[in-house]
Amino acid sequence: METIGADIVIQVLREEGIDVIFGYPGAATLPIHDRLMNSPIRHYLMRHEQAAAHAADGYARATGKVGVCLATSGPGATNLVTGIATAFMDSTPMVALTAQVSTSLLGQDAFQETDIIGITMPITKHSYQVHNVKNLASTMRQAFELAKTGRPGPVLVDLPRDILASKCELAGERGASTLKMNGKRAETPEQIEKIARALNQSERPLIIIGGGVKLANAFHLIRQLIEKANIPFVTTMMGIGSVDAANGYNLGLIGTHGNELANRIVHQCDFILAVGTRFSDRSTALIEEFAPLANIAQIDIDPTSIGKSIKINLPYVGDIRDALTALLPLVNEKEKSEWLQRIEAEREAAEKKIANGSGCGQAGDFIRKVQEAMPGETTVVADVGLNQIWTVRTWKARDPRSLITSGGMGTMGFSLPASIGAKVGCPERAVVAITGDGGFYMNIQELATVGYYNLPIKIVVINNGHLGMIRQIQDLFYNDRFNTIDLGSKVDFVAVARGFGIPGSRIVVDENPQSGIEAMVNTEGPYLLEAVVDPNNYVFPIIPPGRSNIEMIHDRLD
Amino acid sequence: MTVRENTISILVNNKPDVLARIAGTFSGRGFNIESISANITRNPEITNIIITTIGDQETVIKLEKQLNKLVDVLEVRDLTDVSSAQREMILVRMKVTASNRDRFTQIVDIHSWKIVSTDADYCILEVTGDRQEIEDSLSLLETIGMEDFVRTGIVALKRCSPQQIG
């Protein structure tokens, strides 16, 4: 068999240690799909290209490796877009491969031609179109390097069909990197010394852990810092699990849907060490009133993340591991009994305001029961909406990559396909996808993928018959004028699952949830558990739009 | 923060999609490109794009950081507060009649403007200068029979070498 461009694509995938890709074929991808038969790379055939991108994203988040998805030209490529944007917002390392019409047809409005380079410009780190098979290997290599380097993210490589089919030699050794490192300034040791001094002098310090801690594999270092210097910490949604949620210094999630305690302590602290977070509006609420008493130090590898929304007194641009390694020996082991006592008093006050602790009502209790029934080594993949907030506020993430969700983009329909990627990437771990009924509809076709590959994923559909989070907003801020949020109750999700070859059952959470949870846990292979909750079961406290993070409301009448 | 016009010089790889990425970075972050000029440098594989945009300094620094993240952007220099020569050029089509001919010739002579092309009733004039000179010239020409003009973006060059400025 003669070597063609598609063999080079596979050669570089192998070089990069890729053994799984998520994709969907079309006429233009066929050179690759044909040659994949000769390679050990496993190709998971999804039922929609959007799901292929989410699966590659879930795979990358679960493993820390680069996720790869593959789609054909035109609609195949455009269907990836939501998945690529989701990965971009949460800095997932991903390489998206799209086939393209032959170079001779480019720009002719050929069948299934689309300008995917133009479409994906704002949602990729970069996108490449290959015009000569001689550049194919170097472009593919650069795409992988770029996806992993600095702040990770998705990179797209557009591959015209004739390039994939053209005869060539396999690529030689990879040359030196040609990737430029713009705007990368070397931080001086003095900057870390300044941060250490400010931290040591502070009386009420706080660490904010963002998603960057996971991306930098800096879990051990951040835990050492917390425990050495007795510093309490809060997390952003992307930072959850970087340190075991049960750690005594954990004050919870900050932001508009965060924990009362976490938000109140942000407001009271005199020093913040922000690690791998970009201070998104979800985390800060009203930016002008965020952490009014704090001197803020920020460590981030992306210079654009520093000072983007908030003034930073002590910036450090660089790898979190380098920064924490340098910082650790300079930090004093200091008792902070007064500060920690004050926090305990705040914790008690905060707990009193919320009826049953989590503020997630019957749904929170149910998710807690699901976690108790699942093995310790379980990865949970939350969708978007109330189910996401219930999950991230209730699930005690023990391991760094054990809680996966679409934070920045807030993509409904993410959890089912992403859980496929997470399961394929970490087959030894149990995987549970938690979704609402609304998000479930958005990629419901992936039940077919789960069933076809018999992936033992537990799918929990929390069904309130409504778009719950939007319902809560209409209830609280639109004078309970409900509109366009009723999804009805006519669909039998258990029958739907059965139609896809997946067993399941239906429970009402305030009646007898345990029987359904047990059936799910005791069934080998995939399972769908439909859990009916009251549509009036919201999440509290929340911060209304345009308010600061201590102006939380605690119930409908607040 | 004072809002002002900023001059940004961007060195990029001379590739088809680079300008779209730069324009997208401006528009995606809510900036308007007031003027733009681009051409190759001594190295024909590298293009220098000079853009002027209105914003306060803090916001423009954020924009420059975003530009720096683009793979094909090699260097971003803010020339706003740097000693630099800045020029733009206009080509002006004038209707020349018996009544304005003398005054027109006199003004062109005084300013040492260059006449690029002439025929019986029209001529095309070339004027270069900094922004204020161009504005003044246009006001003047408006009064003596200007029919149309085209105007380039600003080109700007630092007065001393990058090493000296650092």
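# How do we know? Reading a two-chain model

Me: Why is A:Val432 called buried?
Reply: A:Val432 has 27 C-beta neighbours inside 10 Å. A residue is buried if 20 or more other C-beta atoms lie within 10 Å of its own, exposed if 12 or fewer, and partly exposed in between, with C-beta atoms placed from the backbone. The count of 27 therefore makes A:Val432 buried. Please keep in mind that this is a predicted model, where local features need pLDDT of at least 70, side-chain atom pairs count only at pLDDT 80 or more, and totals for chains, interfaces and linings use all residues. Residues are numbered from 1 along each chain as its sequence is written, while chains are lettered from A and ligands numbered from 1 in the order in which they are written.

Me: Which residues does A:Val432 touch?
Reply: Leaving out residues up to four places away in sequence, A:Val432 touches A:Val370, A:Met374, A:Thr378, A:Val380, A:Lys458 and A:Val460. Touching here means contact: the C-beta atoms of the two residues, placed from the backbone, lie within 7 Å. A:Val432 is found in strand S15 (residues 430–436) of chain A. Helices (H or I, at least four residues) and strands (E, at least two) are DSSP runs, numbered from the N terminus.

Me: What makes the 4 strands of chain B an open sheet?
Reply: Their order is S2-S3-S1-S4, with antiparallel pairing. The edges are strand S2 (33–40) and strand S4 (73–78) of chain B, and each pairs on one side only. The twist averages 20° from one strand to the next.

Me: How do you know that S1 and S4 of chain B pair?
Reply: Two strands pair if DSSP finds at least two bridges between them. Strand S1 (residues 3–13) of chain B and S4(B) have 5 bridges, in the antiparallel sense. In this pairing, B:Ile10 stands opposite B:Val76 in S4(B).

Me: Which strands does each helix touch as it packs on the sheet?
Reply: Helix H1 (residues 18–28) of chain B touches S1, S2 and strand S3 (46–56) of chain B, and its direction makes about 155° with that of S1(B). Helix H2 (residues 57–69) of chain B touches S1, S3 and S4 of chain B, and its direction makes about 165° with that of S4(B). Axes are lines fitted to C-alpha atoms, for helices over the stretch in contact, and angles run from 0 to 180 degrees between N-to-C directions.

Me: Which residues of H2(B) are buried, and what covers them?
Reply: The buried ones are B:Val60, B:Leu63, B:Glu64, B:Lys65, B:Gln66 and B:Leu67. Their cover includes S1, H1, S3 and S4 of chain B.

Me: How many domains does chain B have, and where are they?
Reply: Chain B is divided into domain 1 (3–82) and domain 2 (85–155), with bounds from an automatic or database domain assignment. Their centres, taken over C-alpha atoms, are 30 Å apart. In contact are 6 residues of domain 1 and 5 residues of domain 2 of chain B.

Me: How many residues of chain A and chain B are in contact?
Reply: 12 residues of chain A are in contact with 13 residues of chain B.
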